[in-house]
Amino acid sequence: MRKIWVSLLIVILYRFPAQAEQRLLEDVIEEVNPAVVSIAVDVNETEQALGAGIIISADGYIVTNAHVMENAQKIMVQTADGEKFSAGLVGKDEKTDIALLKVDKPLNLEAGHFGDSDTIRVGNQVFAIGNPFGLGNSVSLGIISAKERDIEKGPYDNFLQTDAAINQGNSGGPLFNMDGKIIGMSTAIFSMDGQNAGVGFATPSNVITWVVNRLKQQGKVVRGWLGIGVKSVRAKDETNNSVLIISSMVENSPAAQAGLKVGDKIISLGRVPLKNPRLFSLEVGKLLPDTEVPVEVSRDGQSIKTKILIKAAPEENNEKETDDNDKKVIKSFEELGLDKYKIGKAAEFPTLGFSAYYDELKRELAVVSVMPDSEAEQKGMKIGDRIRTVNDKQIFGIEDMQVKIKQPANNKVTFLLKDGEGEYSVSLNVKAE
């Protein structure tokens, strides 16, 4: 009997080895603190912006927030031991609010080490080091409160949320895990008065490393581009999962040239995750331009496989988007330079909130008016838009249109429309007459 108990004890010890003792927090902080710098940016003769930064290489590369560098005339960096150096801007990416600096002379600086932000979990302890109110390196402790936060700061929002204290001056400072690995960079706070309220946001380390590599190589970030908009819809099957549908498409874009269409359900696109539209766009941006990626979509229940040639996203400077406030508000179809009476009489569709005429030559409807505050207006339908199909079916006249919308499934009608930017789809509820 005694021998049996000894054997069992040996097996248990072998299967469950003792875990390594966790390092003291103060030891970890002491080790990583030299990799954090304070940053002072002269904006003009009287204004100065304060922030923090992360030394990422011994030869003087430092990463911080792009908004800290706004209108920068002179950049000064101060290390944890008080040494001051001037630095230059290598490049910045406004869309992720990341900037890369380089000190003017080679130095043997102590660099931080990045961890894998994808492995961090809600509830994990973290600590932030920054330069709050210009006081110099200060440490605050907290946990990861949430992941993949969209705070409407930019098109590629994907923030870690933490309750570690983050205040003005912390921007650009690192967020560490308990092993001393950088898993994020303090970027924004949610606050009514500008002070810490326990809701801070950090850019994930995996986003930082990708952007920094592009800034080092090119001084800017060139993203992959498909030329489509996507939306998430609930799958009509037992899984009840969401799927991504192509909701709009730019003419002659990579997606259009590959034969994709508005309404296609995306089954796969290389290794890009299809979790939600925002993260899909973020990952598409990481695709290298001029490379082919396999794509599979579902159309009318049929699987279509092809390849898509990724192109570089249009340069913001060359194709700057017009601010909505600057756009001319079109109040009538005639303002488009067209005379609707030469083509056909307009018909009203009150159950859908718009009126349109039928173009015999193109076999499509042209929107003449959209009711204010209607669902059609809220979903982007505009005067001058062309209706290509109704519920994936071609339209053969006003009467045909009236028949198609009379008794639709689930009282919904889906339109494929075309405007100056390309094709897009809109689903409208049919109201009772």
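**A guided reading of the predicted model**

In the hairpin formed by β4 and β5, where 5 residues lie between the strands, Gly82 adopts a positive phi near 100 degrees. Strand β4 covers residues 74–78 and pairs with β5 in the antiparallel sense over 4 bridges. Within this pairing, Gln78 has Lys84 of β5 as its bridge partner.

Strand β5 also pairs with β6, again in the antiparallel sense, and here there are 6 bridges. Lys92 stands opposite Ala99 in β6. The hairpin of β5 and β6 has 4 residues between the strands, and Asp97 takes a positive phi near 60 degrees in it.

Both β5 (84–93) and β6 (98–103) are included in what covers the buried residues of helix α3. This helix spans residues 205–218, 14 residues in total, and reaches 20 Å from its first C-alpha to its last, close to the 20 Å expected at 1.5 Å a residue. The residues of α3 that are buried are Ser205, Val207, Ile208, Trp210, Val211, Val212, Arg214 and Leu215. Their covering also includes β3 (61–64), β11 (182–189), β12 (200–204) and α5 (277–285). After the helix comes Gly219, with a positive phi near 80 degrees.

A closed barrel of 6 strands runs in the order β7-β8-β9-β12-β11-β10, with antiparallel pairing. From one strand to the next, the twist averages 45 degrees. Strand β10, residues 174–177, runs antiparallel to β11 and is joined to that strand by 3 bridges. Phe176 stands opposite Ile182 in β11. Helix α3 packs on the sheet, where α3 touches β11 and β12, and the direction of α3 makes about 50 degrees with that of β12. Another helix, α2 (residues 25–32), lies across β7 (125–130), β8 (138–149) and β10, running at about 40 degrees to β7.

Strand β11 also contains Ser186. Is this serine buried or exposed? Ser186 has a relative accessible area of 1%, and therefore counts as buried. Leaving aside neighbours within four places in sequence, Ser186 is in contact with Asn65, Ala128, Ile166, Asn170, Ser171, Gly172, Gly173, Phe201 and Ala202.

Ser253 lies in the loop between β15 (242–249) and α4 (254–257). Because its relative accessibility is 0%, Ser253 counts as buried. Beyond its neighbours within four places in sequence, Ser253 is in contact with Trp225, Leu226 and Gly227.

In soluble globular proteins, nonpolar side chains tend to be buried together. In this model the largest nonpolar core has 24 residues, and those with the most contacts inside it are Phe349, Leu352, Phe354, Met381, Ile387, Met401 and Phe415. At least two residues of this core come from each of β20 (347–349), β21 (354–359), β22 (364–370), β23 (386–390), α7 (398–404), β25 (412–419) and β26 (422–429). Leu352, with neighbours within four places in sequence left aside, is in contact with Ala376, Met401, Ile405, Phe415, Leu428, Asn429 and Val430. Apart from this core lies another, of 23 residues, among them Val32, Val36, Tyr61 and Ile129.

The structure holds 4 aromatic pairs. One of them joins Phe349 and Phe354, whose ring centres are 5.6 Å apart with 45 degrees between the planes, a tilted arrangement. Phe349 and Phe354 are both buried. Why is the pair of Phe354 and Phe415 edge-to-face? The ring centres of Phe354 and Phe415 are 5.7 Å apart and their planes stand at 85 degrees, so the pair is classed as edge-to-face, the class for planes over 60 degrees apart. This pair links distant parts of the chain, since Phe354 belongs to strand β21 and Phe415 to strand β25, 61 residues apart. Phe415 is buried, as is Phe354. Phe349, Phe354 and Phe415 together form one aromatic cluster.

Notes
Residues numbered from 1 in each chain as written. Predicted model: local features only at pLDDT ≥ 70, side-chain atom pairs only at ≥ 80, totals over all residues. Heavy atoms only, no water. Expected span 1.5 Å × (residues − 1). Buried < 20%, exposed > 50% of the residue type's maximum accessible area, 1.4 Å probe, protein only. Contact = heavy atoms within 4.5 Å. Pairing = 2+ DSSP bridges. Axes fitted to C-alpha atoms, helices over the stretch in contact; angles between N-to-C directions. Core = buried A, V, L, I, M, F, W, Y, C linked by side-chain atoms within 4.5 Å. Phe/Tyr/Trp six-rings, centres within 6.5 Å; stacked < 30°, edge-to-face > 60°.
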